[in-house]
Amino acid sequence: MKKFVNNPAEFVHEMLEGLALANPKTLKWAPKHNIIYRADAPNPNKVSVIQGSGSGHEPAHVMVVGKGMLDAACPGNVFAAPPMDYVLECTRLLNSPKGVLHLINNYQGDRMCWDMAREAAEAEGIKIATVIVDDDVSVENSTYTTGRRGVAGNFFVIKACGAAAEEGRSLEQVAAIGKKVNGVVRSMGLALTGCTPPAKGKPIFELPEDEVELGLGIHGEPGRRREKFRSADAMLDGVFEAVSSDLPFKSGDKVGLMINGLGGTPLSELYVLYRRAAQNCEKKGIKVARSYVGNYCTALEMAGMSLTMIRLDDEIESLLAAPAEIGLHIF
């Protein structure tokens with residue numbers, strides 16, 4: 001597959017350098033440890049919220065660093081957890097008197113690296129709290145996880161925690177918000193194609209033209225099953241039923257509804273899927289109060305989608321509506 005790549009080993013480094021060069025007033029870059037952080041961080045009057053997972057899921061996580069979102073991100077290589085020393089250095093760099101919140105997607109490599117870094121940082125006197133994100137209803141255990149995976153629902157955890165931190169809430173309060181949001185958000189994905197990491201040079205899995213992978217992971221982990229390719233409505237209905245029945249979401253609930261692209265799906269197709277998801281919510285008596293359509297958590301150029309629903313209350317809705325400033329521009 002053709003890609004805009006120089007040396008595959010330098011792919012993440014060059015991506016981060018480009019991100020920093022595009023946002024010189026708001027972002028800083030610590031190249032030795034892959035750290036992208038706010039130019040005004042750390043702020044002694046707020047909790048620092050940081051995250052890092054494998055690269056290849058952009059805009060998660062390095063492209064949502066900014067006011068009201070993450071204070072810093074320290075990604076690893078494509079689909080690989082950041083090394084422990086990256087996480088430790090990021091924690092040191094963002095250390096605030098109010099503490100540091102680690103947001104961790106539930107993958108074994110991420111859990112191990114972030115746990116070791118937390119122990120080392122706490123030994124240095126840094127105050128840390130942790131929120132584990134595990135919103136994927138597809139499978140209970142997978143290639144890289146014990147328990148459910150963290151996928152696009154991570155966006156809502158970042159947004160709520162970032163807003164709570166901007167309000168000056170304590171570390172314990174910001175962590176409690178993250179756990180509350182994670183408890184009411186559910187996701188599931190569906191792939192039409194595989195994707196090709198730059199260092200691998202070939203797709204990590206392949207699908208026949210007449211099949212899709214229901215419930216895949218964002219690193220290409222197997223999902224629930226392979227199914228025959230069908231109409232957009234029919235495929236969306238299966239994903240919607242799995243997500244809406246898990247919490248379960250019920251008539252009278254107020255929700256945020258997200259249709260997330262996996263990197264290779266046109267926006268036009270995502271809106272076709274959103275249309276059906278909104279219709280299904282209406283049929284179930286579920287009120288859609290906030291809508292999200294686009295690429296939030298991708299898998300390189302994978303063609304596919306995921307559906308995320310979050311049950312809203314007044315507190316969560318207020319935090320999701322709070323202003324945020326990040327380096328993504330559409331014009």
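In the predicted model, the largest cavity is lined by D136, V151, M188, G189, L216, I218, L262, M305 and S306, and the volume of this cavity comes to about 50 Å³. Two strands, β8 (185-191) and β13 (304-311), each contribute at least two residues to this lining. When the lining residues of the largest cavity are sorted by class, six are nonpolar, two are polar and one is charged.

The count of cavities of 30 Å³ or more is two. The second largest cavity holds about 40 Å³ of space, and its lining is made up of L19, N23, L27, V62, M63, V65, G327 and L328. The division by class in the lining of the second largest cavity is six nonpolar and two polar residues, with no charged residue, whereas the lining of the largest cavity includes one charged residue.

N34 is placed in the loop that runs between β1 (27-30) and β2 (35-38). The relative accessible area of N34 is 7%, and this residue is therefore classed as buried, a term that applies under 20%. When neighbours within four places in sequence are left aside, the contacts of N34 are with V12, L16, A73, C74, P75, G76 and Y86. The picture for N34 is thus that of a buried residue located in the loop between β1 and β2, with contacts that include V12 and Y86.

Definitions and conventions. Residues are numbered from 1 along each chain as its sequence is written. This is a predicted model: local features need pLDDT of at least 70, side-chain atom pairs count only at pLDDT 80 or more; totals for chains, interfaces and linings use all residues. Side-chain values use heavy atoms; hydrogens and water are left out. Helices (H or I, at least four residues) and strands (E, at least two) are DSSP runs, numbered from the N terminus. Buried means under 20% relative accessible area, exposed over 50%, partly exposed in between (1.4 Å probe, protein chains only). Contact means heavy atoms within 4.5 Å. On a 1 Å grid over the protein atoms alone, a cavity is a set of points where a 1.4 Å probe fits but cannot get out, and a pocket is an open set with protein on both sides within 12 Å along at least five of seven lines; lining residues have an atom within 4 Å of a point. Grid points are joined across faces, edges and corners, and a volume is the space filled by probe spheres set on the points. Ala, Val, Leu, Ile, Met, Phe, Trp, Tyr, Cys and Pro count as nonpolar, Asp, Glu, Lys and Arg as charged, and the others, Gly among them, as polar.
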